[in-house]
Amino acid sequence: MVADETLWEQIRHRDRAAFEEFYRQQIPRLLGYLILCLGSQAAAEDIAQETFLQVWKHPDGFDPARSGLRTYLFTIARRRVVDWWRHSSLRTENPAPPSRSGSEARLLIEDLLARLDNDSRSLLWLREVEGYSYQELSLMLEIPVGTVKSRLFKAREHLRDMWRRR
């Protein structure tokens, strides 16, 4: 895999092949995150396209000294999700993620995750599924590392409480 700085330089110089490779590598994970946040495949696809378009159209937005390229991508997506929720007339208090076939335990976990507020669900996804470090999450969310840790702790505790009460 090409280093972030090298890849970013290629994208900045409008190297379509480098951008397409970056897109192919990142789109599955980004879509998974966006579907979880938005509860809608169509909205997730729209936001993903807007996110990648921003990366392509504004090539000087990334600072390799500050974060990784993938972190930068997810930061853009997270901001677009926040804007989507602010402006969406279809907003519900706790949208359920799209249903998928699977075991009863998986459905129960999806239901419990859907009951979390959007911020907690998003933070858990970024940490537990995407594997971002506390420091990366701090940069992405523009909050102190201690706040990231306490919010994750609260989200996990809330999930445990709901699991016990099921």
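Trainee: What is the relative accessible area of Arg14?
Mentor: This is a predicted model: local features need pLDDT of at least 70, side-chain atom pairs count only at pLDDT 80 or more, and totals for chains, interfaces and linings use all residues. Residues are numbered from 1 along each chain as its sequence is written, and side-chain values use heavy atoms, leaving out hydrogens and water. Buried means under 20% relative accessible area, exposed over 50%, and partly exposed in between (1.4 Å probe, protein chains only). Arg14 is partly exposed, at 38%.

Trainee: What is phi of Arg14?
Mentor: Most residues other than glycine have a negative phi. Arg14, found in the loop between H1 and H2, has a positive value. Its phi is near 60 degrees.

Trainee: Where is Glu142, another residue with a positive phi?
Mentor: Phi of Glu142 is near 60 degrees, and Glu142 is not a glycine. Its place is in the loop between H7 and helix H8 (145-165).

Trainee: How many helices does the chain have?
Mentor: Helices (H or I, at least four residues) and strands (E, at least two) are DSSP runs, numbered from the N terminus. There are zero strands. The helices come to eight.

Trainee: What share of the 166 residues counts as buried?
Mentor: The total is taken over the chain of 166 residues. The buried share is 38%.

Trainee: What span does helix H4 reach?
Mentor: H4 covers residues 69-87, which is 19 residues. The expected span is 1.5 Å times one less than the number of residues. From first C-alpha to last, H4 is close to that expected value, reaching 27 Å.

Trainee: Which backbone oxygen does the side chain of Thr75 reach?
Mentor: Thr75 is found in H4 and is buried, with a relative accessible area of 9%. A polar contact is a pair of N or O atoms within 3.5 Å; within protein, one must be able to donate a hydrogen and the other to accept it, and residues adjacent in sequence count only if both atoms are side-chain atoms. The distance here is 2.8 Å, to the backbone oxygen of Thr71.

Trainee: What distance separates the C-alpha atoms of Thr75 and Glu142?
Mentor: Along the chain, Thr75 and Glu142 are 67 residues apart. Their C-alpha atoms are separated by 9.6 Å.

Trainee: At what angle do H6 and H8 pack?
Mentor: Axes are lines fitted to C-alpha atoms, for helices over the stretch in contact, and angles run from 0 to 180 degrees between N-to-C directions. Angles under 35 degrees count as roughly parallel, over 145 as roughly antiparallel, 65 to 115 as roughly perpendicular and the rest as oblique. H6 and H8 are therefore roughly perpendicular. Their axes are 10 Å apart and the angle is about 105 degrees.

Trainee: Which residues of H8 make the contact with H6?
Mentor: On H6 the contact is made by Ser120, Leu123, Leu124, Arg127 and Glu128. On H8 it is made by Val148, Arg151, Leu152, Ala155, Arg156 and Leu159.

Trainee: Which residues does Ser138 touch, beyond four places away in sequence?
Mentor: Ser138 is found in H7 and is buried, at 10% relative accessible area. It touches Ile143, Pro144, Val145 and Val148.

How values were computed
Contact = heavy atoms within 4.5 Å.
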